[in-house]
Amino acid sequence: MSIDPRDLIARLGGAATVAGMSCEAKADALEDYLMQRLNAALNASTPGGSSAAAKRYPTAAEVEAQIENHPLRRGVGNLFFSSTGNVKKLPRLPEKPTLIDFFKLRFHATSNHVLQSANLARNNGMSEEIILACLLHDTVQELIKVDHGWWCAQLYEPYVSERVAFAVRHHQTLRFYEDEAHGYKYPELYRQMYGEDYKPEPYIEANYKFVRNHKWYMEPRMVTVNDLYAFQPGVNPRIEEFADIIGRHFKQPKEGLGFDNSPVAHMWRSISMPDHPL
Ligand SMILES: [Fe+2]
Ligand SMILES: [Fe+2]
């Protein structure tokens with residue numbers, strides 16, 4: 001998918017508006033933009049798909065204005081609102097839901113992106129743990145978008161290796177920091193969006209220093225290498241293609257996700273039953 005930086009900046013409300021956004025807000029706006037474009041392209045190419053491709057994306061100024069005009073904040077998870085009208089009833093999950101059930105029945109907004117990312121990692125000869133990290137890295141955005149790297153790692157921590165959780169947690173930070181030697185060129189798009197002199201939030205800077213000196217630095221780095229450029233219309237990997245890797249590296253609880261009394265079971269139940277009021 002080609003991205004015209006000038007088009008994106010214009011959609012976000014122009015250079016001046018973009019300059020006034022925090023770096024995290026810009027990065028999140030960019031991820032939203034890419035995911036929406038990918039989903040729109042997929043819908044347009046699917047027989048019977050919606051005409052979402054024709055939908056105009058909001059400008060940053062419009063998004064900013066919505067903060068005080070809208071009952072929902074931008075960090076709310078995808079499952080908890082609809083941008084096209086009322087939300088739809090969700091199908092019930094099986095009694096003992098598996099990760100694949102969640103992909104099929106709950107991860108609607110994020111699955112295309114993470115499947116493409118995992119597919120790219122597989123094509124690039126990454127380890128199975130990196131492929132799994134790519135497959136999981138943005139899925140928590142169905143529940144919450146704020147600090148999604150940390151939330152996502154927490155969601156999966158009881159079921160994956162420490163290394164996979166580390167990769168998922170810290171991809172959020174590393175996307176801001178170039179490492180050409182390992183294949184991550186700081187995107188030209190970011191330079192145009194953020195300006196040459198931008199600085200990420202202090203907690204992100206501090207976290208970068210920690211991760212850069214960590215023995216597992218390459219794990220989240222490889223998630224970023226296989227992340228941004230994974231938006232490819234016409235490439236639609238299926239979750240079943242990754243069933244073997246999930247089977248080898250994801251400890252599926254026999255009671256089902258949400259019912260194993262793990263410290264994160266409530267997070268899975270919240271994704272499973274987002275219409276429960278209390
Ligand atoms: Fe991400
Ligand atoms: Fe991503």
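Visitor: Which residues in α7 meet which residues in α9?

Guide: E129, I130, L132, A133 and L136 in α7 meet R163, V164, A167 and V168 in α9. Two residues are in contact if their C-beta atoms, placed from the backbone, lie within 7 Å. Helices (H or I, at least four residues) and strands (E, at least two) are DSSP runs, numbered from the N terminus. This is a predicted model, in which local features need pLDDT of at least 70, side-chain atom pairs count only at pLDDT 80 or more, and totals for chains, interfaces and linings use all residues. Residues are numbered from 1 along each chain as its sequence is written, while chains are lettered from A and ligands numbered from 1 in the order in which they are written.

Visitor: At what angle do α7 and α9 pack?

Guide: The angle is about 45°, and the axes of α7 and α9 are 9 Å apart. Axes are lines fitted to C-alpha atoms, for helices over the stretch in contact, and angles run from 0 to 180 degrees between N-to-C directions. α7 and α9 are therefore oblique to each other; angles under 35 degrees count as roughly parallel, over 145 as roughly antiparallel, 65 to 115 as roughly perpendicular and the rest as oblique.

Visitor: And where is the kink in α9 centred?

Guide: It is centred on V168 and comes to about 25°, the bend at a residue being the angle between axes fitted to the seven residues ending there and the seven starting there.

Visitor: How many residues of α9 are buried?

Guide: Eleven of the 13 are buried, so α9 is largely enclosed by the rest of the structure. A residue is buried if 20 or more other C-beta atoms lie within 10 Å of its own, exposed if 12 or fewer, and partly exposed in between; C-beta atoms are placed from the backbone. Among the buried residues of α9 are F166, H170 and L174. The partners of its buried residues are α7, α8 (148-156), α11, α12 and α13 (243-249).

Visitor: Turning to α12, which helices do its buried residues pack against?

Guide: They pack against α7 (128-136), α9 (162-174) and α11 (202-212). Helix α12, residues 218-225, is mostly covered, with seven of its eight residues buried; R221 and M222 are among them.

Visitor: Finally, how many helices and strands does the protein chain have?

Guide: The protein chain has 14 helices and zero strands. Of its 278 residues, 33% count as buried.
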